[in-house]
Amino acid sequence: MHHDHNRVHFPILSSELTAALGAIEDMADSADAVPDSVVSNHPPAIFRAGGPMLKQFDESTASSRKGSQAPTPPRSVVGIGNKVAKPDYSEAKIVLAMVGLPARGKSYLSNKLMRYLKWLEYDVQVFNVGQLRRSRAHRKALQSGILEDHTASYFSHNNVEATKLREQLAEDSLEMLIQWLKKGGNVAIHDATNSTRMRRAKISARVAKEKGMSVIFLESVCGDPAVIAANVALKVSSGDPDYKDLPREVAERDFLRRIKEYEAVYETITEPHLSYLRITDVGNEVTLSRINGYLQSRIAFYLMNLHVKPRNIFLSRHGESQFNVEGRIGGDSLLSERGLAYSHALPELVRNNIGDAPLIVWTSTLQRTIQTAAELPYPKLTWKSLDELDAGVCDGMTYEEIEQAYPEDFANRDEDKFNYRYRGGESYRDVVVRLEPVIMELERQENILIFGHQAILRCLYAYFHDLPQADLPYISVPLHTVIKLTPKAYGCDEERYTLPIGAVDTHRPKPGSTVSHPEAPASTTKREYFATNA
């Protein structure tokens, strides 16, 4: 370890970093900053599933959110449970300003972070300056017939007029996000290059005028030519209006010239007073400086676990269980005969999709998931966090028995299934909280096959597809089906494999809905190029 005037450098296994990251939950009320640090590669083994620090983070989430701590009513109370209020995040007001050259993964990081925080019920929005530029140019072309030139010369620092226009766009986008925060938003992401000290100083000064708002800069640095080339190729081949009707080779040359124009004036973050994270090669190295409080630390911890290696995440419910056949919820029953047939058929299906690629199998601690995975010849890991939603006093009952014993509460749960907590048990919101460490570990792993339960897989599925919480309890996750998710730059592709082995249908549609089994999104990877609020 060595020191200089402003920074402390230490390796990934240092006790200081372990303590800082392991105590994230204690930072909520702390006024002290996380020490500046550099972390090489990925977090160490202690953060992996089952590791002590991840376990501590897992257990800590129970006290991390206001509103989820209502005590369980005494058993003398009539009814099965109560509704859980949405956490109060009204005091959280953060501007997260991206920093970096084009094709360095800024939009990837900002969209991943937005999806994660929205899944945890923070109100988050990305304000992309490029979208704003294209939207205003498109409107101008429709109104006046004048087409603006947005080739590489537009981004040259020597182009005085264009530089003024770009500065104005950045300032307008900042004003829009500040107004959005004032109306109740929690985290506003300023997705732009913000590549000079002068631009960052302007952002800091403007945010400082607003009471209760803070700003963090997130710099994305990439020195890997293969990653840059892939990002450039994605940029020019995915429908970017800047390169409409241009041959791919011409578009790539122009975009590379645009990058050079930015490189000519680019200044990496060295300002000692700024709060910032610097992510190198999308997670290979992470630098933290002046990260204060719970939410900022939560953001940092999540971003440290990201990577862009190609991978697949497979989700499957356990095989049909004896309780499924009887229509009972919860419990720890064994598989039915058809469930066992599903477990016998899985090795071939998985092998055909994975080939020789490494794969890790995760299960819950319940017998039906462990039985389902028993014949798969891959390393296995058991997670308590993957256990099914706890039905409390209703565990082992059929829905008919619950409706008969607790008719009023049965109706209330149908009205607001996400928020409803069984007495002595959980709500879907509680499940999302306990699954946060699972999401952290999923983001840092490669190929994973999860054998879980209906409520659990609904929550994980909603995260990867950015689905609203209100729809989460009604996602169709049928038995004897493997869902293959392939994370991409701007979303997630999906394929489903249903084995020809019968099983009961446990899906209960949303009351009043005319669609019994909503269709799954085939892909959510399309990038948006125009701003909706321009």
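**The sheet and its pairings**

User: What makes S13 and S17 a pair of strands, and in which direction do they run?

Analyst: Strand S13 and strand S17 are joined by 5 bridges and run parallel. Two strands count as paired if DSSP finds at least two bridges between them, so these strands meet the requirement. The names follow DSSP runs numbered from the N terminus, with helices (H or I) of at least four residues and strands (E) of at least two. In S17, the bridge partner of Phe-314 is Leu-449.

This is a predicted model, in which local features need pLDDT of at least 70 and side-chain atom pairs count only at pLDDT 80 or more, while totals for chains, interfaces and linings use all residues. Residues are numbered from 1 along each chain as its sequence is written, and side-chain values use heavy atoms, with hydrogens and water left out.

User: What is the strand order of the open sheet, and what makes its pairing mixed?

Analyst: The order of the 6 strands is S15-S14-S17-S13-S18-S19, and the pairing is mixed. In general, strands pair through backbone hydrogen bonds, either parallel or antiparallel. Here S14 and S17 run parallel, with 4 bridges between them, and Trp-362 has Ile-450 as its bridge partner in S17. Strands S18 (residues 481–488) and S19, by contrast, run antiparallel and are joined by 8 bridges, with Lys-484 standing opposite Glu-495 in S19.

User: Why are S15 and S19 called edge strands?

Analyst: Strand S15 (380–382) and strand S19 (491–498) each pair on one side only, and they are the edge strands.

User: How do you know that S17 is mostly covered?

Analyst: A residue is called buried under 20% relative accessible area, exposed over 50%, and partly exposed in between (1.4 Å probe, protein chains only). In S17, 5 of its 5 residues are buried. Ile-448, Ile-450 and Gly-452 lie on one side and Leu-449 and Phe-451 on the other, and both faces are covered. In a regular strand, side chains alternate between the two faces of the sheet.

User: What do the buried residues of H11 pack against?

Analyst: They pack against S13, helix H12 (367–373), S17, S18 and S19, where contact means heavy atoms within 4.5 Å. Among these buried residues are Tyr-342, Leu-346 and Val-350.

User: Why are the buried residues of H6 said to line one face?

Analyst: In helix H6 (residues 197–208), the buried residues are Arg-199, Arg-200, Ile-203, Ser-204, Arg-206 and Val-207. Seen down the axis of H6, they fall within an arc of 165°, so they line one face of the helix; the arc is that of the directions from the helix axis to the C-beta atoms. Met-198 and Ala-208 are exposed on the face turned away from the buried side.

**Single residues in loops**

User: Is Asp-466 buried, exposed or partly exposed, and how do you know?

Analyst: Its relative accessible area is 30%, so Asp-466 is partly exposed. Asp-466 lies in the loop between helix H17 (454–465) and S18, and touches Arg-115 and Lys-118, not counting residues up to four places away in sequence.
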